[in-house]
Amino acid sequence: MNTPQATSLDAVKIGIVSVSDRASSGVYEDKGLPALKEWLARALKNSVQFEARLIPDEQAAISAALIELVDAGCALVLTTGGTGPAPRDVTPEATLAVAHKLMPGFGEQMRQISLHFVPTAILSRQCAVVRDRSLIINLPGQPKSIQETLEGLKSATGESIVPGIFAAVPYCVDLIGGPYLETNNEVCKAFRPKSAVRPARP
């Protein structure tokens, strides 16, 4: 059996999409894209090229943006906003429309994390899918909630209480043929089976 080889860090292209009628029309400043960039820059050791989109709550436009980002080579696409039950919240529908495989565990874990903070977490409809060799994940709309669902819950001493969803992202990206993502453990420790871990570089 071949073992992973020690190499330099893979470069990665990540799509980030903020879905908001008001932010996209300039009514208020978008906070989703900056929050995603800031967290990913802290969490990943890889060199990241971001492809950012700020679009209104229109299902066809969201689906088109997701397809465009996947076709552009984004191994990971994260969306924020539009996942509630309101009539204009259509991000999950747009995401499911472009899916080749469903990854329900991500949405289940996000709601479990958020339920530690608010009972209305059960109203969230975040989902995750695979399209071609890209993982697409819907995240909450608020920067604080984005960080909580990605990182999980930690004790006052930094011990993990509930794992965040990003701990599973690098291995998922491995399995669908994407680049090898390495995380900063103090932010989020990725989990891989021992057979899938690349040897440490000298």
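**View A. Lys154 faces Ser160 across a strand pair.** In this predicted model, Lys154 stands opposite Ser160 of β8. Lys154's strand, β7 (residues 152–154), runs antiparallel to β8, with 3 bridges joining the two. Strands pair here if DSSP finds at least two bridges between them; strands themselves are DSSP E runs of at least two residues and helices are H or I runs of at least four, numbered from the N terminus. β7 and β8 make a hairpin with 5 residues between them, and Gly158 in the turn has a positive phi of about 90°.

View B. Searching the whole structure turns up 1 aromatic pair. Trp39 belongs to helix α2 (residues 32–43) while Phe166 is in the loop between β8 (160–163) and α7 (169–175), so the pair ties together parts 127 residues apart in sequence. (Rings of Phe, Tyr and Trp, the last by its six-membered ring, pair with centres within 6.5 Å; planes under 30 degrees apart are stacked, over 60 edge-to-face, the rest tilted.)

**View C. Two charges sit over rings.** The charged end of Lys144 is over the Phe117 ring, 4.7 Å from its centre. Arg192 lies over the face of Tyr180, 3.7 Å from the ring centre. To count, NZ of Lys or CZ of Arg must be within 6 Å of the ring centre and within 35 degrees of the ring normal.

**Notes.** Residues are numbered from 1 along each chain as its sequence is written, and side-chain values use heavy atoms, leaving out hydrogens and water. Local features need pLDDT of at least 70 and side-chain atom pairs 80 or more, while totals for chains, interfaces and linings use all residues.
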